[in-house]
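Here is a short report on one protein model. Look at the structure first, then read on.

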Amino acid sequence: MTIIERSETRSIALFPWNHEDGFAYQEQCVRALCENQSLILEKRSSGQPFLLDSTLGVSLSHTANTLAVSVSKNHSPGIDIEQLRQKIIRIASRVFSEAELAMVSSYPTLEALHILWGAK
């Protein structure tokens, strides 16, 4: 586990990820970050994760070999991580408006598009 942020109200960490690890591993990571082995991770029908019988909000994201976990006492957190991939350049015109593309046009393309994706 690599702690990105830990405060009284919010914690964020990165964990190793293997696509075969699955939901049980995600639950283990949430428990490790919260230092609470009794937490139960569930998913709504929409796929959104939540902690059963807890006031903590939780968000999960994974890409390649990294799982990101964010928990918050005050709000529903949102976290997204992406591996830099060339594919985003091919699909950019379908997912971003002309104004968004113009806004990042003076920056390195691959990195700028991924930052824009994360902001959306």
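## Terms and model

Two strands pair if DSSP finds at least two bridges between them. Helices (H or I, at least four residues) and strands (E, at least two) are DSSP runs, numbered from the N terminus.

This is a predicted model: local features need pLDDT of at least 70, side-chain atom pairs count only at pLDDT 80 or more, and totals for chains, interfaces and linings use all residues. Residues are numbered from 1 along each chain as its sequence is written, and side-chain values use heavy atoms, without hydrogens or water.

## The sheet

Four strands make an open sheet, in the order S1-S2-S6-S5, with antiparallel pairing. Strand S1 (2–6) and S5 are at the edges. Each has a single partner strand, so one side of each has no neighbour in the sheet. From one strand to the next, the twist averages 15 degrees. Axes are lines fitted to C-alpha atoms, for helices over the stretch in contact, and angles run from 0 to 180 degrees between N-to-C directions.

S5 and strand S6 (residues 66–72) run antiparallel, joined by seven bridges. Ser-61 stands opposite Ala-68 in S6.

## Two buried residues

Thr-63 lies in strand S5 (residues 57–63). Its relative accessibility is 12%, so Thr-63 counts as buried (under 20% relative accessible area; exposed is over 50%, partly exposed in between; 1.4 Å probe, protein chains only).

Leu-41 belongs to strand S3 (residues 41–43). Leu-41 is buried too, with a relative accessible area of 2%. Phe-23 is 18 residues from Leu-41 in sequence, and 8.4 Å away in space, C-alpha to C-alpha.
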